[in-house]
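Subject: Structure handover

Hello,

Here is the structure I said I would pass on. My notes on it follow below.

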Amino acid sequence: MASPSGHGESTCVAVEASRIGENARVSIPQSFIQELLSRVDVVDIVGRYVQLKKGGANFMGLCPFHGEKSPSFSVSPSKQFYHCFGCGKNGNAIGFLMDHAGMGFVEAVNDLAQQVGLQVPDDDVSPQERERANAQRQKQATLTDVLEKAGESWRKHLRDSPRAIQYFKGRGVSGTVAKRYGLGYAPEGWRGLASVFPSYDDPLLEESGLVIVSEEDAGKRYDRFRDRVMFPIRNVKGECIGYGGRVLGDEKPKYLNSPETPVFHKGRELYGLFEARTAVREHGFALVTEGYMDVVALAQLGFPNAVATLGTACTADHVHKLFRFTDTVVFSFDGDGAGRRAARKALDGALPYATDTRSVKFLFLPAEHDPDSFIREHGTEAFARHIADAMPLSRFLIEASREDCDLTTAEGRARMLSNARPLWTALPDGALRRQLLSELAGMGQLDAKDLAELWNAASAQEAGRLPHRGGASAAPAAPRIPSAAGADSNPYADEPPWGASAAEEAWYPPSDVGHGAGVGFERKPFRKDKGDWKSDWKGKSKWKKDDRPQQPQQPPLPRTPAASRTDHAVRLLLSHMEFLEDLTHEDHATLCAQPAPHGLLFTWLEGQFHEHGPLAWAVLREALRDHECEALADRVMTGSHAQTEGDEKELRWELRGLLNRMHVESIKQQQNILIQAATQDPAALVRYKELEVRRKALLDNGQKLDS
Ligand SMILES: [Zn+2]
């Protein structure tokens with residue numbers, strides 16, 4: 001597994017301190033969640049992102065989770081629940097914000113609470129802190145309003161500026177795309193915004209980065225953006241948080257961005273992500289480019305799934321954010337030296353997230369091209385081919401390691417290995433990492449075993465110097481013979497991107513799980529307060545009748561196989577929290593959908609992982625004090641079954657087997673819902689059959705697993 005120095009650090013950097021949820025803990029009382037869900041309207045929430053039309057008692061629209069031409073996505077105002085008959089996605093308002101808008105749980109709860117004017121309770125926060133957080137939230141809302149207002153005026157100016165229109169036309173940008181990205185034009189003149197806001201002296205204009213206050217010239221104020229075409233930068237919720245401005249000619253600086261403000265953090269935001277979200281899902285990958293003009297031009301040319309970093313290198317934060325929307329990321333870089341340097345930084349950012357179920361690729365354009373000019377010269381198809389042939393992360397890691405190393409000499413090979421070690425160490429454990437060890441060893445003319453020992457010793461030495469990060473073991477993975485499958489994968493292919501051998505593959509589910517059988521968050525136990533979980537489910541879902549297979553009842557906890565299976569999954573994840581990194585979207589959904597307290601504990605653990613990375617059980621134990629899941633955690637982590645010692649690979653497989661069996665249960669439940677709906681909706685029957693295939697595959701795997 002990953003050593004603490006590599007993986008741990010990066011995870012720490014990657015913590016996405018959600019602006020709103022910074023101080024919030026994940027221990028939000030269920031009663032509050034219930035109160036919240038009773039006050040918000042899922043139709044409004046979904047309606048912010050999906051165009052909905054009334055059809056009978058429900059609202060229908062095009063599913064945002066899968067590509068479709070006719071609507072099979074239904075939102076029920078009476079059940080406060082959405083459901084797609086095409087892909088099976090379903091859930092409540094919180095689940096929608098998490099799944100579609102890419103928010104974390106706490107962030108989604110805060111977002112909804114803010115909309116209905118509720119205060120998220122948090123006992124750990126002092127009144128002063130809460131006051132401060134409130135003030136900060138107010139400030140942020142005000143700043144985005146101010147920014148939005150400036151954008152409106154710039155959009156108007158664009159209509160009146162033939163020069164700016166000509167600029168966009170010259171880049172092939174249509175009115176439709178300009179509108180979608182909210183493009184505008186900041187006119188010439190020093191105080192253009194003075195006519196937009198009631199007071200040009202308002203400190204908010206400076207704080208939002210729109211106005212610069214001169215230090216030399218007696219505090220003279222002037223517009224930051226003058227005579228530039230303007231690109232609003234939106235967060236995943238669609239709020240305007242900053243701007244990029246480009247000159248129309250060749251003046252310098254060519255690009256100008258908003259400064260860091262309370263709402264805008266360059267290292268975290270990706271230009272175009274809000275606009276690209278749906279396309280990223282439809283195309284199956286996100287394309288990361290170097291600038292906002294690339295994004296807009298690519299959208300125009302048939303690649304609406306492009307995003308860009310904002311004049312900064314791609315950070316681990318960026319990568320982490322992208323992986324909330326897709327399992328495949330393709331970085332595109334201009335073919336010049338700057339492009340290669342940027343690619344090298346993106347590699348560093350991507351390594352900690354390159355699990356076996358994800359695919360990261362690097363596309364290098366010919367030296368004279370950016371994506372826009374490349375497509376213009378060679379066409380859309382050539383570009384798509386280029387993307388398909390992009391360099392896999394494994395290849396780039398090796399290229400980067402051997403750069404300037406003469407592999408015909410022992411010195412050169414040693415240097416190559418020393419370059420490779422930090423990169424390899426940053427990878428999460430898995431088939432990819434283990435194969436790379438063998439490959440690098442081969443290049444260095446060492447036995448994989450020798451190399452593992454060498455790096456093991458180096459890591460141990462470092463671990464002695466560095467503070468040890470909880471949970472993570474410092475030992476590098478055991479050497480392993482690479483499989484024939486290799487790590488190359490095509491982002492369009494349905495093949496699992498990990499290079500598992502045929503024998504191992506049986507242990508894993510197919511790779512389409514992220515968008516397939518996810519059960520959403522509808523059954524998340526946070527819906528359950530004191531009441532009965534089963535009746536809660538029945539009350540909320542119209543897509544099922546009462547003949548659903550029996551669920552573990554509680555309390556008290558039953559000793560059914562299902563319950564002990566879930567117990568064991570809890571145990572494995574509490575003792576090896578880093579396993580969370582391997583889980584698919586479907587795994588997460590299934591775990592979190594387990595009845596309380598298990599599901600609640602999984603949700604909590606996921607929140608901890610998101611904020612802190614993998615933690616040791618001792619640390620988790622402390623964090624669980626007085627938590628409602630404390631008793632469950634204590635029970636599974638003590639007593640005769642509590643040992644989870646053994647080969648880490650075996651433990652991972654054990655977890656895989658448990659999860660597969662849980663998926664089978666969850667699929668059965670979905671099938672029961674679908675079979676009811678099938679009398680009126682042929683799509684439900686189709687989906688039923690798809691799930692049947694999936695269920696059978698999982699069962700087959702399960703048998704292999706048991707034997
Ligand atoms: Zn769908």
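Three bridges join strand β1 (residues 53-55) to strand β2 (residues 58-61), and the two run antiparallel. Two strands pair if DSSP finds at least two bridges between them; strands (E, at least two residues) and helices (H or I, at least four) are DSSP runs numbered from the N terminus. K53 has M60 in β2 as its bridge partner. β1 and β2 form a hairpin with two residues between them, and G56 in the turn has a positive phi of about 70 degrees. β2 also pairs with strand β3 (residues 73-76), again antiparallel and over three bridges, with V75 in β3 as the bridge partner of F59.

On provenance: this is a predicted model, in which local features need pLDDT of at least 70 and side-chain atom pairs count only at pLDDT 80 or more, while totals for chains, interfaces and linings use all residues. Residues are numbered from 1 along each chain as its sequence is written, and side-chain values use heavy atoms, with hydrogens and water left out.

The structure holds 26 aromatic pairs (rings of Phe, Tyr and Trp, the last by its six-membered ring, with centres within 6.5 Å; planes under 30 degrees apart are stacked, over 60 edge-to-face, the rest tilted). F168 and F231 form an edge-to-face pair, 6.1 Å centre to centre with 75 degrees between the planes. This pair links distant parts of the chain, 63 residues apart: F168 is in helix α7 (residues 162-170) and F231 in strand β9 (residues 228-234). Both F168 and F231 are buried (under 20% relative accessible area, 1.4 Å probe, protein chains only). Ring pairs link F168 and F231 into a cluster with Y167, Y181, Y255, Y271 and Y292.

Two charges sit over rings (NZ of Lys or CZ of Arg within 6 Å of the ring centre and within 35 degrees of the ring normal). The charged end of R340 is over the ring of F364, 4.5 Å from its centre, and that of R433 is over the ring of W424, 3.9 Å from its centre.

Last, a pocket (an open set of points on a 1 Å grid over the protein atoms alone, where a 1.4 Å probe fits, with protein on both sides within 12 Å along at least five of seven lines; lining residues have an atom within 4 Å of a point). The second largest pocket is lined by 32 residues, of which Y255, E290, G291, G311 and D334 lie nearest its centre. α13 supplies the largest share of this lining, five residues.

Regards

How values were computed. Buried < 20%, exposed > 50% of the residue type's maximum accessible area, 1.4 Å probe, protein only.
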